Amino acid sequence: MSLNSRNLNVDHDKSSWKEECGVFGVWNHPQAAEMTYLGLYAMQHRGQESAGIVTSDGEKLHLHKGLGLVSDVFDSYKWNDLPGKSAIGHVRYSTTGQNLLINAQPLKADVRGKPIALAHNGNLVNSLELRENLQKQGSLFQGTSDSEIFLHLLSRIGGDNWSQTLPQALEWVQGAYSMAWMGVDRLVAIRDPMGFRPLVIGRFSDSSWVVASETCALDLVGAQYVREVEPGEIVTIDSRGLTSTQFKKSSKKAACVFELIYFSRPDSQTFGHHVYEARKKFGESLALESPVDADMVIPVPDSGVAAALGYAKQSGIPFEWGIVKNGYVGRTFIQPLQGMRDLGVQIKLNPQKALLKGKRIVVIDDSLVRGTTSKKIIQILRDAGAQEVHLRIASPATVSPCYYGVDTPEKSELIATQMDLEGIRKYIGADSLAYLTLKGLFKGLGENEETFCAACFNEKYPTRVNT
Ligand code: AMP
């Protein structure tokens, strides 16, 4: 690829390289690998398909990664095989067909004789073109993940100091990237200029640092929250301490509002908001916008809990634990008997009949995507004897896919693109249905819509995408 030509269009990557991931990094800690394990464990919700850790012992990088949960991948792994005081780690979720070990992160490579490793959260929107161009120029890709593009770009640019040439590589990429990089002598944290995905800095001491997608990871390792990595910032941590450079400024900021609605853990501080409080506020806004006469407010566990508390508080209707979730249901449920497949949602969620019988229920969930979950939940509530079931959704209608790292289905699979509100209400079988408006969402947040990406709700993509 000629790095002088600027002929790369921003293009939607139509492959299924969508990823929802978590990244973690630690600098100068005697138990770097163990800390990273804990950090990833706290962020397991961000990706369950693969996990990996790379450590630096000051001379070499050491890698272990595998498919599965953090506890599966590192179960019997001996920490002695991951020596060193610094590390980065990654948990990954990929869509079907791309769950290959080769795509598991961190990615490790020798770039111009120097070992480096990379953990990436987010999705590039011009990855197809970049990949094609790099391949034409002779780059040999090992996997199908867009993250590998960073390594090839860096390799082509060259130079002795990879973290200094990184900004040149980043000139080429468009889209969402919050990343941790590890060299033998440094940890580097980067966030794309619009700041789609979160990334925060924490510290153990003045010489021992942590970076993480979410603050819940800092809590578990006992690190103190310092600040966010700013959009367009490269933070380098080495033996001299922490230095910051702004590699690119963008007037447009695009923090993903869906992190606050669903994706981040409620106990995290994301984009400066306590996620739990933000969700409660969404519930309060929803109660103001779409009140209903009912006997109790119940959440869809666990995604609707905080919003349901807010709705109950604002409406004065009592909050009840109407549906109990079996927290031990794994992804690979073994059918004990033939013909039990229609157990479906009841394997995981059980309505409390004694509580619900004859009652008018407001059920709250964070989002409505395909509508299949809500349909089943409403059915089990009716089967449990509920007299009325009113569904309230603590976000606007999902009308468009995400190209920046959240795995939303194709447009045609989104129920709100196929039916109007009344059609959806009928389909899911609710007595009434209402979504939170975009205005109500940002009012609840106390933020300006312009500083967030809400493209899944308003189709205003902050970069060009081919839909
Ligand atoms: P659906 O049946 O497609 O309407 O799914 C809605 C449910 O899926 C809600 O309970 C959400 O909490 C959850 N959800 C929304 N977006 C995602 C996502 N990107 N990945 C996994 N679950 C999601």
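Which backbone N or O atom lies 2.6 Å from an oxygen atom of the ligand? That atom belongs to Arg 370. The legends below cover the ligand site and the domains. This is a predicted model: local features need pLDDT of at least 70, side-chain atom pairs count only at pLDDT 80 or more, and totals for chains, interfaces and linings use all residues. Residues are numbered from 1 along each chain as its sequence is written, and side-chain values use heavy atoms, with hydrogens and water left out.

**View 1. Residues around the ligand.** The ligand has 15 residues around it (a heavy atom within 4 Å). Asp 365, Asp 366, Arg 370, Gly 371 and Thr 373 come nearest.

View 2. A side-chain N or O atom of Asp 366 is 2.5 Å from a ligand oxygen. Asp 407 places a backbone N or O atom 3.3 Å from a ligand nitrogen. Taken alone, the ligand exposes 510 Å² (Shrake-Rupley method, 1.4 Å probe). The protein buries 81% of that.

**View 3. Two domains.** An automatic or database assignment gives domain 1 (5-251) and domain 2 (269-458). Their centres, taken over C-alpha atoms, are 33 Å apart. The contact (heavy atoms within 4.5 Å) takes 21 residues from domain 1 and 13 residues from domain 2.

**View 4. The domain interface.** Domain 1 and domain 2 bury about 1500 Å² between them (accessible area lost on being put together, 1.4 Å probe, summed over both). Carbon and sulfur atoms carry 55% of it.

Terms used:
Buried area is the accessible area (1.4 Å probe) that two parts lose on being put together, summed over both. A polar contact is a pair of N or O atoms within 3.5 Å; within protein, one must be able to donate a hydrogen and the other to accept it, and residues adjacent in sequence count only if both atoms are side-chain atoms.
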